[in-house]
Amino acid sequence: MAIPPLYAHRLGRTYGPDSSATALAGALAAGVDGLETDVCLTSDDELVLLHDPLLTLGTTLDGWAHQRRAAEIRGARLLDRHGEPTDERPLTLDELVAATPVDLPVQVEVKAHADPELARRTSPILCERHGRGAARRRLELISFHSAACATAAAYGLRSRLVVWAEYAPEALAAWAVSRGVTGVSVEHFLLSPKLVSVFRLAGLSVTTGTVNNAELLARVTELALPDAVCTDCPAELRAEALRLEEAPSTSALLDAEPAPAALSARASG
């Protein structure tokens with residue numbers, strides 16, 4: 001199995017709280033092909049790394065990210081997977097860009113819960129601050145909001161629309177190409193050769209996530225060979241996938257020559 005590039009989902013949430021410095025350090029130490037994180041716009045137009053705009057879902061603050069100043073959010077503590085406060089503080093996108101190798105791809109997902117206008121406002125701020133120089137070559141904006149993706153594309157930054165349904169893929173591909181959007185992220189349970197072929201024929205790259213199981217990764221790779229796969233545990237998934245590949249298959253065992261009768265008798269005795 002050709003293992004596709006593995007991107008650390010939420011900077012590697014197996015290694016620490018979502019999009020935290022500890023998660024990032026763990027992913028970089030383990031070895032990773034790229035990073036994925038989420039960004040929210042604050043009331044003073046800063047970009048903080050949070051999976052959920054509703055602050056109670058991931059931090060010790062309440063309210064919404066766009067209603068709080070960046071300093072307030074930076075002063076909060078991140079919650080772990082069990083909802084317990086940790087010593088980790090939310091990072092900014094500036095801090096992430098400064099802390100990662102200049103050649104490591106970074107997908108930044110714009111979050112704006114049920115607010116397309118907020119997503120549209122977030123996109124140009126991200127592009128104006130990070131759409132030039134070395135960061136431009138490795139950053140990619142991704143979003144469920146088509147307006148955010150189209151805006152980023154207009155700025156010349158690579159963008160990718162997250163796809164949660166498989167209807168009218170030809171129309172979606174045509175829209176993406178017409179806006180300059182360069183790729184789609186398709187949830188792994190929707191991937192099929194037919195769907196992927198439509199996007200690839202239009203010149204779009206295809207990624208998927210979140211995959212944390214080697215058998216699922218093998219299935220996804222067999223069906224679509226995506227350009228990248230997001231995972232919470234990139235190093236562990238790669239190791240598990242390699243072990244799975246090296247293990248003898250059921251068909252190989254069935255096709256194997258039967259053991260000599262003497263050895264079979266000795267084994268049964």
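Let's start with V162. At 10% relative accessibility, V162 counts as buried. Keep in mind that this is a predicted model. V162 sits in strand β6, which runs over residues 159-163.

What does V162 touch, once its neighbours within four places in sequence are left aside? Its contacts are S143, F144, S185 and E187. For a sense of distance, take A224. V162 and A224 are 62 residues apart in sequence. In space, their C-alpha atoms are 16 Å apart.

Next, helix α10. It spans residues 234-246, which makes 13 residues. From first C-alpha to last, α10 reaches 18 Å. That is close to the 18 Å expected at 1.5 Å a residue.

Which residues of α10 are buried? They are P234, L237 and A241. These residues cover an arc of only 65 degrees around the axis, so they lie on the same side of α10. A reminder on helix geometry. An α-helix has 3.6 residues a turn, so residues three or four places apart point the same way. Now look at the other side of α10. There, R243 and E246 are exposed.

So what covers the buried residues of α10? The cover includes strand β1, at 6-8. It also includes helix α9, at 214-224, and strand β9, at 228-231.

Let's stay with the helix pair. α9 and α10 pack at an angle of about 75 degrees. Their axes are 9 Å apart. The range for roughly perpendicular is 65 to 115 degrees, and α9 and α10 therefore count as roughly perpendicular to each other. On the α9 side, the contact is made by A214, E215, L217 and A218. On the α10 side, it is made by L237, E240, A241 and L244. Two of these names have come up already: L237 and A241 are among the buried residues of α10.

Last topic, the cysteines. C149 counts as buried because its relative accessibility is 0%.

Note on methods
Residues are numbered from 1 along each chain as its sequence is written. This is a predicted model: local features need pLDDT of at least 70, side-chain atom pairs count only at pLDDT 80 or more; totals for chains, interfaces and linings use all residues. Side-chain values use heavy atoms; hydrogens and water are left out. Buried means under 20% relative accessible area, exposed over 50%, partly exposed in between (1.4 Å probe, protein chains only). Helices (H or I, at least four residues) and strands (E, at least two) are DSSP runs, numbered from the N terminus. The expected span of a helix is 1.5 Å times one less than its number of residues. The arc is that of the directions from the helix axis to the C-beta atoms. Contact means heavy atoms within 4.5 Å. Axes are lines fitted to C-alpha atoms, for helices over the stretch in contact, and angles run from 0 to 180 degrees between N-to-C directions. Angles under 35 degrees count as roughly parallel, over 145 as roughly antiparallel, 65 to 115 as roughly perpendicular and the rest as oblique.
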